[in-house]
Each structure stands twice: as structure tokens, then as C-alpha cells.
Number of protein chains: 2
Amino acid sequence: MNGNNPLREAFYKTTFQLVGHGKRTIQVLKEPLDETDGSLDSDMYGAGRLIEVFQDRMAHYLGKQSAVFFPSGTMAQQIALRIWCDRKGLKKVAYHPLCHLEIHEEDGLKQLHHIEPILLTDKNRLIQLEDVLNLNEDIACLLLELPQREIGGQLPEYSELEAISAYCVERGIKLHLDGARLFEILPYYGKSADEICKLFDSVYVSFYKGIGGIAGAILAGDEEFAKESKVWKRRHGGDLISLYPYIVSADYYLKQRLPHMGRYYEEAKELAGFYNRCHGVATEPLVPVSNMFHVHFDLPKATLETILIRLYEETGIGLTSYISETSETNCYFEVSIGDQYALTPKLDIEKVFQLLDKRIRDA
Amino acid sequence: MNGNNPLREAFYKTTFQLVGHGKRTIQVLKEPLDETDGSLDSDMYGAGRLIEVFQDRMAHYLGKQSAVFFPSGTMAQQIALRIWCDRKGLKKVAYHPLCHLEIHEEDGLKQLHHIEPILLTDKNRLIQLEDVLNLNEDIACLLLELPQREIGGQLPEYSELEAISAYCVERGIKLHLDGARLFEILPYYGKSADEICKLFDSVYVSFYKGIGGIAGAILAGDEEFAKESKVWKRRHGGDLISLYPYIVSADYYLKQRLPHMGRYYEEAKELAGFYNRCHGVATEPLVPVSNMFHVHFDLPKATLETILIRLYEETGIGLTSYISETSETNCYFEVSIGDQYALTPKLDIEKVFQLLDKRIRDA
């Protein structure tokens, strides 16, 4: 993992980091387990108090009849789309060109489920009602990702969601929410999770993004949908004898961090402001709508890397552990605000950005 | 999980149990984690020291080029068969009628991979060379389960395995080992794991049977096979950001219990002897060849249940937590020897079986 990665190494040597909840070490599991009674029974192949109580709690939180714990969102979402396709007898869905299923899952949806996705809109913008209206073929399900992660975590207005949802109901199209970062967008919308989820037939949420758990996901919907999803979970090899390491940690960090989503959002806007005041730097979106955003630089990746490593060493503050190349002259990275940002003294943050701006101008 | 299950409840109230490693509680994870340095980095999507070191160690132990950690055997084995089918361009495999893929996986192999299995032999006996010779169509892969769990954990002679393996090599048929209980059969064969595995092209082993870990599996084979299996692992939704809860516990209990497989095997033979001396009771196999066997009773399930509950309450010794109905007049349960058996005083075991025999005769 570490190998020869000087930026990553320099990042993890810093005293303060502006992103994340801290390093993903085994301590992240030890902490919730230390708080858990060792005599509690394991879940057993999806049954047992431990998993059922958590599932019921999440179903209630999301305003759905039933919720099922999955080891991963990849598994949960393929299965959601498969169920809706089977129910309509049509193996066609629509989603954004940068949907997780399209670019991060080795084409599992196509290879395992033989479902054909229609890619809506240009990859650099959000899906709008118009894109759905312009679809000239029938689909079983439309997947919306909120926020749209690969374009910096952008969000449509709630009224746009309502309009898309109403249209889908009218046309017999199931609407699925990729809510990998659902908790993180509630402060922007100023709505509860169930107010968002009621616009959707099925919902997936993740526990290792803003929540900072170990892994794991919930898929929620009506009772029949949940029941079918358990059959597919077994087929996928996800109905493990014990999923409790993920459930116990999801439960623990959910309680700990859900109350902080508003703060992360405010801090994201503040941090984006610092970046946008630097020369040749722009965040996407310009004003974040969740705890995340992307930062784009008019600099080659290698140049920025050199600047950042020196900056980390001089200030003890880490901005990112990686950089992605956009082109030969441009690069970017993703920022997700977690517990770490608030631990960093504000004056030090201001200083680090003054220095960053200067170094970029000198480059 | 508990619900209204008086036999199970009575079993867990006993002081000593003749089966298993003890209750599957969260303590089973707390123990290995307490021994693990919290500052260790998590694995990340299949990469990182923690997962790679364990995989390398297992590859070496199994005598294969490469090994990949999976959340479940269900996932690992479907993928193994898929890879061999794709390599031959033939979606046909053969296995035992009571193969895990046939009866416990909701037809994932057929539903997700569209692979057609040919069921070899009668379900009550082992696959023999003759069954393979008599196959009148070509297959991509033959799966052998050692021991054949659903018929009490029976094993073919090693020479039979050699003959089947040689025939498969000659006919271009890949041979896959369902080694969910591979560790448990080594004492009977008097061979090392790699001596068994060299007869097979691919091997799956599990960490929560005789080893008593939380969950998880290893799939091993040549390098190309392992590489392809990682792509399918992602497609199935098994390439979790963190699998370390399963890896850390697999590693811990492997070290702890692998040395005891010989003892479990001897104890299984002893315990089977106790059962076989009872009226109307017979174990399958008559003499166990691993730590497991089935116990069949010429009694209705309800009658045996009543006898056992009273026996547990009177002696404080638990024999099984469940009974399965074979017919209206017959029933059976599975026995797997673990750490618990050795903790029970031998004289008490003798007494409990004298009492069991008497109660069966009186029934």
C-alpha cells in the first residue's frame, strides 16, 4: 500500500490533516468493540438480534418498510437494479455516466446481471428532469446519486428531485437512490433522511464515507423488495455467517458522527473558500453542498506534488494524500471533511493557504 | 435467533458441550483484536500488508502460486467455476448432488453465471472415478468436496483422488477443491495441505468451520487465476474497502487451532463410538474421517428433543443445539468436534451416554 508514495508518506507524517476522520487503522474497529459486550451473540446468516435491530432502526430512519444490511454498496445496488428489472421484465436502467456501477465495479451489472444501462447526460453535469423526459426508450429503473461524487459532489435542487420522482411514478419507472453520502447532504437540503427517501423506491446508504465505519451498507425499500434482496445477497455470496464487525462499527460511528454532518458541511464551504482564493485553483462545486468537493489546479501533477510535500514538511498540515492527473497541465484531488478539520488551529490553516498561494505563483 | 427454541436454549445452559468451539459471541472477535496492534493499517480494497501477507502465507501453505481472501466461500467457489468455464468456453461443470452450490446458495451459480451443473452419483455416496469416467459430455470443471459434508463428512481414499486428478489432467478438465474443511481432513490422510492441493487446479478453504474464525475464505490457484478472481470479487461486491476483521481472526484462530486437528479427529472417533453403542443410533460415517460426522436416530424428532432437553438439564452436558427431521420416525444431527469436547470430564461423557441409551430404550 505505502510502497514508494512520497506524498502519501508526507501526509501521514503531518500533525494535522484538513480531510478525513484520521487514518484507517485497526483502532477504528477496536474502539467500538471495546464499548461492546463480548457476550452478545453474533448475527447468523442475516438473522439474530444484532443485525435485525440495526436493520429496523435504519428502515425507520430512512422511512422505508424494511432494510437489509449488506457487506458492500456494490452488491446492494446491483441487486436493487436487478429486482426492479425483474419486476418489470425489462433489463434496462438509466444512470449518470460516472455512476459507481459504470466506472468502479468491473461491469458487474452487465457481467452478472446482463442489465443494460443507458448513460444520461454529459458526464460533467447533473441528471435533470429534461434528461429523463428525453429518454426515448422505456427503462425499469432510474438511479440517482446524491451527491454526484465524481463531479465534486453536486446536488440538484429538491424541487428538481420531486419533479423527477413524480415523473417516474407516472411512467412506472422505479427510482433508486445511490445514497452513499446521504447523511452528508441532509444539512444542505435542510431535510430529514426520510423526506429525501420518500421520493425514491429504494435507497442504499454507506457506513464508511462520512460515517467513517469499517465497511458495510444498508439497502432499504418495501418488504417484498427487502425479502428478494436477501435471496440475491445469498447468491452474490454476501450472506455471511457473521457481518457484526461492520454492523457494530456502523452503529457506533453513526451515533458519533451523524450529529456532526452540519459542521462538516460548514467546514467544507470554509475550506473551499481557502482553496478558491489561491492562484489557478478552483473547487467543484464552487460552493460545496455537502462535506465534499474536488479541487482543480492549473498545474502539472508532479509540480503540485513537490509543492505539497514541502508544504506538509514545513507546516505539519496535510491537505491531501493523493493527486489525480487531469491532463499534462492540470490535476485535482477530492476533499472530504471529517473529524480532523476541526482539530486544526484556524490561524495555521490561513497560513498554510497563504504559503500554498505563494508557492503556486512561484511555480 | 433464539425465539422459542427449547433445545437450543437448554443446550446453551449446559456447563459442558461435546461439539464446537463455544458460543459464537462478539468475544470471538474481541480476543484476536486485543492481541493486535491498533496502529496497523487496514487493508484497502484487497491491497496492503495485512491482506497480502496473509494471502502469501496461505498460498505457500496450500502449495499454490497465489491466494485471494474472500468474504465467503459462496462467492469464492462460484467465481472459481466461472473462471474455469470461461477459460474453456464451456459453461458446464460437475459436482455432487449435495454440493454447497447446489443446495445452499439460492442457485447463484445458475442465476448469476448461467453455468449448468451436472450432478454426479447418487446423493448418498461419494463421487468415484467411475462416475467421472461415465460422464458422457464434456465439462470445464469438476468440483470435489473433501469431506463430503452433507453425508456426514465422508472421504475417498487418496489413491482415488489421484486417479480422478490424473484423469482430469488427461481430459483437460479443471479440478476444483471445496476444502471448506480441508484442515480437518489432514490427520486422516496423514498428508500436508499442499500434498492434497497439488491434485487440484484451484482450492477454497474456510476459516469459520474447524478454525472457528468470524467468516472469510481463501481461494488459491495459479497467478492468472488469482488475478481474474479479484476482478470477479469486485463484480460480486466482495472487494470491500476493509476485510481485516475476518483476516485478523482467521490468522489468530488458524495459529491456535491448526495444531489441534489431529486431536479433534481422534475425539470424533471416540464420540462416534459412544453414539454407536446406543440403541437405534448410528453415525455416518461409522468411523469418522475428520472432526465431523452425522448421528442418525430411529426416533421421531420430537421424542429425541424431549429426551435431550431432560438429559442436558440433568447432566449439564450438551450434545447438540438442533435436530433435523429425516422422516416421521427418524431424525439426525451433525457433530463437529472443537475445543469444547476436551474440556468435558471423560467419566461424565460415559455417564451421559449410558443415560441416553436407557432413555432411548424406554421411549
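In the predicted model, B:His114 counts as exposed, since 12 C-beta neighbours lie inside 10 Å. This residue is placed in the loop that runs between α6 and β4 (116–119) of chain B, and its phi is near 55 degrees, a positive value in a residue other than glycine. A further positive phi, of about 65 degrees, is found at B:Thr121, which is likewise not a glycine. B:Thr121 belongs to the loop between β4 and α7 (129–133) of chain B and, having 19 other C-beta atoms within 10 Å, is classed as partly exposed. Most residues other than glycine have a negative phi, and most peptide bonds are trans.

The peptide bond that joins B:Leu146 and B:Pro147 is cis, with omega at about -10 degrees, and B:Pro147 is situated in the loop between β5 (141–145) and α8 (158–171) of chain B. A cis peptide bond also links B:Glu284 to B:Pro285, here with omega at about 0 degrees; B:Pro285 lies in the loop that connects β9 (281–284) and β10 (292–297) of chain B.

In chain A, the loop between β5 (141–145) and α8 (158–171) contains A:Gly153. With 27 C-beta neighbours inside 10 Å, A:Gly153 counts as buried, the cut-off for this class being 20 or more. When neighbours within four places in sequence are left aside, the residues in contact with A:Gly153 are A:Pro147, A:Gln148, A:Arg181, A:Pro288, A:Val289, A:Ser290, A:Met292 and A:Phe293. The C-alpha atoms of A:Gly153 and A:Asp339, residues that are 186 apart in sequence, are 19 Å apart in space.

Two helix pairs of chain B were examined in terms of their packing. Two packed helices are described by the angle between their axes and the distance between the axes. For helix α1 (residues 6–13) and helix α14 (residues 301–315) of chain B, the axes cross at roughly 20 degrees and come within 9 Å, and α1(B) and α14(B) are therefore roughly parallel to each other, the angle being under 35 degrees. The crossing in which α1(B) passes α14(B) is left-handed. On the side of α1(B), the contact is made by B:Pro6, B:Leu7, B:Ala10 and B:Phe11, whereas α14(B) contributes B:Glu305, B:Leu308, B:Ile309, B:Tyr312 and B:Glu313. By class, the residues of this contact between α1(B) and α14(B) comprise 7 nonpolar and 2 charged, with no polar residue. Helix α14 of chain B also holds B:Arg310, which counts as partly exposed with 13 C-beta neighbours inside 10 Å. From B:Arg310 to B:Leu356 the distance is 10.0 Å, C-alpha to C-alpha, for a separation of 46 residues in sequence.

The second pair consists of helix α4 (residues 73–88) and helix α11 (residues 223–236) of chain B, which pack at an angle of about 125 degrees with their axes 10 Å apart. At this angle, which falls between the limits of 115 and 145 degrees, α4(B) and α11(B) are therefore oblique to each other, and their crossing is right-handed. The residues that make the contact are B:Met75, B:Ile79, B:Arg82 and B:Ile83 from α4(B), together with B:Phe225, B:Glu228, B:Ser229, B:Trp232, B:Lys233 and B:His236 from α11(B). The contact of α4(B) with α11(B) divides by class into 5 nonpolar, 2 polar and 3 charged residues.

Between the two chains, the contact takes 43 residues from chain A and 43 residues from chain B. On the side of chain B that touches chain A, at least two residues are supplied by each of α2, α4, α6 (108–113), α11 and α12. That side of chain B is made up of 18 nonpolar, 16 polar and 9 charged residues.

In chain A, the buried residues of helix α2 (residues 27–34) are A:Val28, A:Leu29, A:Pro32 and A:Leu33. Around the helix axis these residues cover an arc of only 125 degrees, and they are therefore on the same side of α2(A). The cover over the buried residues of α2(A) draws on both chains, and includes α12 (244–257) of chain A as well as α2 (27–34) and α12 (244–257) of chain B.

Conventions: Residues are numbered from 1 along each chain as its sequence is written. Chains are lettered from A and ligands numbered from 1 in the order in which they are written. This is a predicted model: local features need pLDDT of at least 70, side-chain atom pairs count only at pLDDT 80 or more; totals for chains, interfaces and linings use all residues. Axes are lines fitted to C-alpha atoms, for helices over the stretch in contact, and angles run from 0 to 180 degrees between N-to-C directions. Helices (H or I, at least four residues) and strands (E, at least two) are DSSP runs, numbered from the N terminus. Angles under 35 degrees count as roughly parallel, over 145 as roughly antiparallel, 65 to 115 as roughly perpendicular and the rest as oblique. A crossing is left-handed if the near helix is turned anticlockwise from the far one by less than a right angle, and right-handed if clockwise. Two residues are in contact if their C-beta atoms, placed from the backbone, lie within 7 Å. Ala, Val, Leu, Ile, Met, Phe, Trp, Tyr, Cys and Pro count as nonpolar, Asp, Glu, Lys and Arg as charged, and the others, Gly among them, as polar. The arc is that of the directions from the helix axis to the C-beta atoms.
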